[in-house]
Amino acid sequence: MKLWGGRFTKEENQLVHNFNESLSFDRKFYRQDIQGSMAHVKMLAKTGIISNDDRDAILNGLEGILSDIDNGKLEFTNEHEDIHSFVEANLIERVGEAGKRLHTGRSRNDQVALDMKLYARDEIRELDGLVKELLLALHNIMKDNIDTFMPGFTHLQKAQPVTLAHHIGAYFEMFKRDRGRLKDIYERMNYCPLGSGALAGTTYPLDREMTAELLDFYGPTLNSMDSVSDRDYLIELLSALSVIMMHLSRFSEEIIIWNTNEYRFVEIDDAYSTGSSIMPQKKNPDIAELVRGKTGRVYGALMSMLTAMKGIPLAYNKDMQEDKEFTFDAIDTVKGCLALFTGMLKTMTFRRYVMEESAKKGFTNATDAADYLVGKGVPFRDAHGIVGQLVLFCIDKNIALDDMTIEEYKSISPVFDEDIYDAISLKTCVEKRVTIGAPGMEAMKKVIELNEKYLCGQAL
């Protein structure tokens, strides 16, 4: 069944049908299409455009179609062009003439705009829940590791000592911002386009406020041309998904590094690892690597959407059908990555002793040794040079600053005394950093408390 066949005298070429059809992918939002139709028909009856009897027949028919699709009793067939024609054809078959009145006062343009908004809105809620679940996993790691010392890095070089809680806290902040972006998109997009018609509204006395309220929107959109041609919310969503994937990819890269024999900071659970077909000793971080790889796939969806929209004049154009497949794929990809990454993180073991030893061997306390000298009256530039000599000495002896004897310290500078050991201990180095946002224990406890309150907040 075509919704537009009356003006045409020839059958559509099969290749044209195949190229033009969207049912093969827009069937994904059958539930949203039926949900929107139910709201529309209730509004049509309330405004007197159709009778209550027709309303009831249509609603019963739509509920039956929804139930039959859910239960697998009704299958999608390729003679229909899109989900809208599929639902309408099945409705007319079930309820007769009343079904032909469903499309009164609307166009496929505002119908698909509504369906895509409803679908995106539902998916944003799910994504928000998945990001929150990841944040909970990060939060628990932070609570358990405020005194797990490890090296902090710049340029992939060991820089200064931090704690695992502090390092993981950086990712907590990233994913917290990601939730904020999802919320912003939800707030901006949550206005109802139904009733905009093809582009110029309709002459029927529709109650768009009622339709918006039935579908849990904040209100109707305010320009019918923009309503049917707006896909900004999808571009924003794909952008937010790309940032989520970038954060997951950065974290994955660190886990991959930490999992190497050279680092041995983490042990990935067997359930989230694979082996080699030829090398029996291998345990590969495949989930982290796949997350890192799939990031480009989501970036591609964003670029495809931007490119599809960049040359489209007002109002609706068929190019906009291209919004669906890569948006669906990007959403599914990110949801899968979030779920798997969270599972991997929850089951991962952190080797605390190895991390602490790595911090010591990496001279991450060298800056604190220089600060110790400054505290004894040595100018910072001279202190910097003295500590550089200490590091050279340790490299030559293959020891850490903590392993030097007091005689060895004094041979390089007589200013050193026994209190140097306390000054450069990892515990001292970290806990001296007490400003909010720093890795010191008291500062971290404050942040964890704030995170706890944040996580108790309402989801979308």
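The model is predicted, and local features need pLDDT of at least 70, side-chain atom pairs count only at pLDDT 80 or more, and totals for chains, interfaces and linings use all residues. Residues are numbered from 1 along each chain as its sequence is written, and side-chain values use heavy atoms, with hydrogens and water left out.

**Exercise 1.** Find the largest nonpolar core and the residues with the most contacts inside it.

*Solution.* A nonpolar core is a set of buried (under 20% relative accessible area, 1.4 Å probe, protein chains only) Ala, Val, Leu, Ile, Met, Phe, Trp, Tyr and Cys residues joined through side-chain atoms within 4.5 Å. The largest one has 97 residues, and those with the most contacts inside it are Leu138, Leu241 and Leu248. Its largest share, 15 residues, comes from helix 10 (residues 232-258), where a helix is a DSSP run of H or I with at least four residues, numbered from the N terminus.

**Exercise 2.** Which residues does Leu248 touch, not counting residues up to four places away in sequence?

*Solution.* With contact meaning heavy atoms within 4.5 Å, Leu248 touches Leu134, Phe175, Val291, Cys337, Leu338 and Phe341. Apart from this core there is a second, separate core of 21 residues, which includes Phe363, Ala370, Ile406 and Ile420.

**Exercise 3.** Which helix gives the most to the lining of the largest pocket?

*Solution.* A pocket is an open set of points on a 1 Å grid over the protein atoms alone, where a 1.4 Å probe fits, with protein on both sides within 12 Å along at least five of seven lines, and lining residues have an atom within 4 Å of a point. The largest pocket is lined by 29 residues, of which Gly152, Phe153, His166, His167 and Ala170 lie nearest its centre. Helix 7 gives the most to this lining, with seven residues.

Notes: Buried < 20%, exposed > 50% of the residue type's maximum accessible area, 1.4 Å probe, protein only. Helix = DSSP H or I, 4+ residues; strand = E, 2+ residues; numbered from the N terminus.
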